[in-house]
Amino acid sequence: MASTTAATAKSGSIATPFTITTAERCVAFSRGVVFLTSLAMLEGEALIGRQPLSLLDAVILVVALYVVGTAILSLLGRERPGLQLPLLVADMLLVTGIIYLAGGIYSEYYLLYYVPILQASVRLNFRDAIASAILSSGLYMAVGLSTGPDTLIPVKAQLRAGTFAASATFMAAFFALLNREARSYMERSREMSELADALAAKNRELQEKTRQLAEAQEYLVARERLAAIGELAGSVGHELRNPLGVIRNVAYYLRKQVGGEDADVAEMIDLMDAQVSICDRTIAALLDFARPERASPEPADINQIVTELVASNPPPTGVTIRLALGHDLPLAYVDRHQIGEVFDNILCNAYQAMPGGGEVRVRTSSEVETDGVCVEFADTGPGIPSGNLARIFDPLFTTKAKGIGLGLVVCKRLVERQGGGISVHCEAGQGATFTVRLRRAEEEANETDDQADGGPDC
Amino acid sequence: MRLMTRPTAVLIVDDDAGMRLTLRRIIEREGHTVFAAQDGSEALDIAAREAIDIAFIDHKMVGMTGGDTCTALHRLQPEAELYVMTAYVSPEAAEAAVAGGTAGILYKPLDIDRLLTLITDRAARRRERNAEKEGH
């Protein structure tokens with residue numbers, strides 16, 4: 001019993017249901033052995049001086065099989081709880097039968113009664129144990145009545161039955177009490193280990209909740225800060241557009257007025273204009289981040305958009321660009337202006353990733369699995385360190401000396417708003433590959449609702 | 001014949017002095033007449049006394065918005081071609097443009113070449129119409 005308890009406590013997991021204890025196993029095993037031995041002895045006695053097999057042999061055989069069967073069930077713990085009491089009564093009747101066959105009240109087989117009594121004390125409660133002791137005594141006395149000479153039971157037989165009744169009752173009470181203590185001890189330790197498990201689970205749950213809460217708080221703070229930054233950046237960007245527009249007008253006027261006469265002046269004016277364009281691109285990203293425009297998607301030829309983009313964004317010196325445009329590309333369902341902005345951003349990132357020169361490969365293809373259009377931008381730059389890969393689409397994350405870290409955030413939003421996706425793949429020393437997946441135009445009819453809730457939730 | 005020689009009258013409405021000056025210089029350089037107003041009411045004053053062929057009106061202004069100005073100008077001079085200029089693509093600007101009977105929206109920073117093309121196209125159409133009138 002102690003070993004079972006220890007095992008239960010040690011296992012520490014969900015406690016197994018209360019089935020069969022070591023004590024019960026011992027009693028069940030003893031019952032089988034004792035009964036079979038008694039039956040064998042009985043059969044042996046019966047066989048002496050008798051040649052043909054009689055009905056008695058058959059009965060003993062059936063009883064032996066019954067004993068073996070019930071013993072196996074008990075040892076495996078497969079007995080139905082409701083059958084325990086009837087089986088005990090059957091055992092007592094069996095013992096009574098053996099005693100009757102083996103010579104009545106003076107037979108030593110009366111000791112077999114202790115088996116069901118012991119079993120009752122170990123497997124059932126105190127009341128049932130006492131009841132089985134009393135029943136055994138009664139049955140024993142009944143044997144005495146039926147086998148005694150005439151109807152009178154001799155004093156010796158009475159003493160024998162009385163002694164048995166007293167010792168059986170005492171034994172039943174003793175073992176039942178002992179067993180009750182043992183059971184309650186086991187139950188308590190099982191409960192305690194269950195409590196400990198529950199406590200540990202609660203503790204883990206609490207830790208998890210605390211972690212989630214901290215994460216949520218961090219997210220909220222970041223989100224609030226971003227919203228504030230976005231608001232500020234948006235209004236600043238808007239205010240900057242007017243003076244930039246004036247500067248661009250001045251550049252235009254100067255180019256017309258004096259640019260034709262002096263090549264150096266013309267170059268300076270072009271430089272001014274180019275710088276204004278850079279500012280304007282930054283402002284466009286800021287405004288997009290702060291107050292995203294609504295997408296107005298339409299069926300568009302991605303190959304054409306890519307070709308135009310590359311034509312208007314020639315690679316810097318030392319960088320070559322290679323286009324691999326897919327044949328029979330389906331039309332994509334995109335906002336031309338916004339997707340142009342996305343491609344422009346990725347392409348410029350690729351150029352900037354290769355200050356020492358390299359190659360950009362732009363590949364368009366139709367995607368079989370998602371039935372969409374796929375555009376890949378692969379550069380031969382140093383790639384992105386794996387630690388940065390996860391954060392590359394986070395706002396305000398940048399590894400460039402110049403830049404505010406909004407480009408890819410805005411790209412991701414723009415693409416997702418149009419039902420597409422953007423991902424980055426990077427192998428050490430192989431450069432980075434950005435993949436943009438877009439919906440094809442045929443889906444448009446079913447999913448027009450999508451564009452209504454286009455705005456990101458930040 | 002006298003009408004044909006009149007230069008195209010362009011109205012610029014913008015509360016930014018730099019924008020008004022640079023657009024004036026650029027457009028005048030092409031030989032057109034430029035009127036500049038810093039807000040809607042000043043624009044309406046000009047429109048009350050001058051014939052305007054084409055107008056470029058900033059959307060975001062103190063007082064009357066670009067849309068309101070357009071509506072009022074359209075009532076005064078239905079012949080004038082009206083364009084709203086905006087620094088930012090917004091549904092409001094687009095609605096104002098539609099409501100004011102405007103010919104279109106121009107986004108800032110302005111594409112000056114396009115702006116000048118709009119003016120010369122307008123001038124060409126005016127000359128064609130005048131030629132037809134002469135013919136009758």
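Predicted model: local features only at pLDDT ≥ 70, side-chain atom pairs only at ≥ 80, totals over all residues.
**Confidence**
- The model scores ipTM 0.84 and pTM 0.48.
- Chain B averages a pLDDT of 85, and 85% of its residues score at least 70; pLDDT is the predictor's confidence in each residue, from 0 to 100.

**Make-up of the chains**
- Chain A has 12 helices and seven strands; helices (H or I, at least four residues) and strands (E, at least two) are DSSP runs, numbered from the N terminus.
- Of the 458 residues of chain A, 27% count as buried.
- Chain B has six helices and five strands, in the order α-β-α-β-α-β-α-β-α-β-α along the sequence.
- In chain B, 37% of the 136 residues are buried.
- Among contacts between residues at least 6 apart in sequence, 74% in chain A join residues at least 24 apart; for chain B the figure is 63%. Two residues are in contact if their C-beta atoms, placed from the backbone, lie within 7 Å.

**Helix H3 of chain B**
- Helix H3 (residues 40-49) of chain B has B:Gly40, B:Ala43 and B:Ala47 buried.
- Its buried residues fall within an arc of 60 degrees seen down the axis of H3(B), so they line one face of the helix; the arc is that of the directions from the helix axis to the C-beta atoms.
- Strand S1 (9-13), strand S2 (33-37) and helix H4 (66-76) of chain B are what the buried residues of H3(B) pack against.

**Interface between the chains**
- On chain A, 17 residues are in contact with 15 residues of chain B.
- Helix H7 (155-259) and helix H8 (263-290) of chain A each supply at least two residues of the side that touches chain B, and the largest share, 13 residues, comes from H7(A).
- This side of chain A divides into eight nonpolar, four polar and five charged residues. Ala, Val, Leu, Ile, Met, Phe, Trp, Tyr, Cys and Pro count as nonpolar, Asp, Glu, Lys and Arg as charged, and the others, Gly among them, as polar.

**Nonpolar cores**
- The largest nonpolar core has 38 residues, of which A:Val342, A:Ile346 and A:Cys411 touch the most other members. Such a core is a set of buried Ala, Val, Leu, Ile, Met, Phe, Trp, Tyr and Cys residues joined through C-beta atoms within 7 Å.
- H10(A) gives the largest share of this core, seven residues.
- Domain 2 (215-290) and domain 3 (298-451) of chain A both give residues to this core, so it lies between them; the domain bounds come from an automatic or database domain assignment.
- Apart from this core lies another, of 35 residues, including B:Ala9, B:Leu23, B:Ala43 and B:Ala80.

**A:Leu438**
- A:Leu438 sits in strand S7 (residues 432-439) of chain A and is buried, with 28 other C-beta atoms within 10 Å.
- Its C-alpha atom is separated by 6.8 Å from that of A:Gly421, 17 residues apart along the chain.

Notes
Residues numbered from 1 in each chain as written. Chains lettered and ligands numbered in written order. Buried ≥ 20, exposed ≤ 12 C-beta atoms within 10 Å, placed from the backbone.
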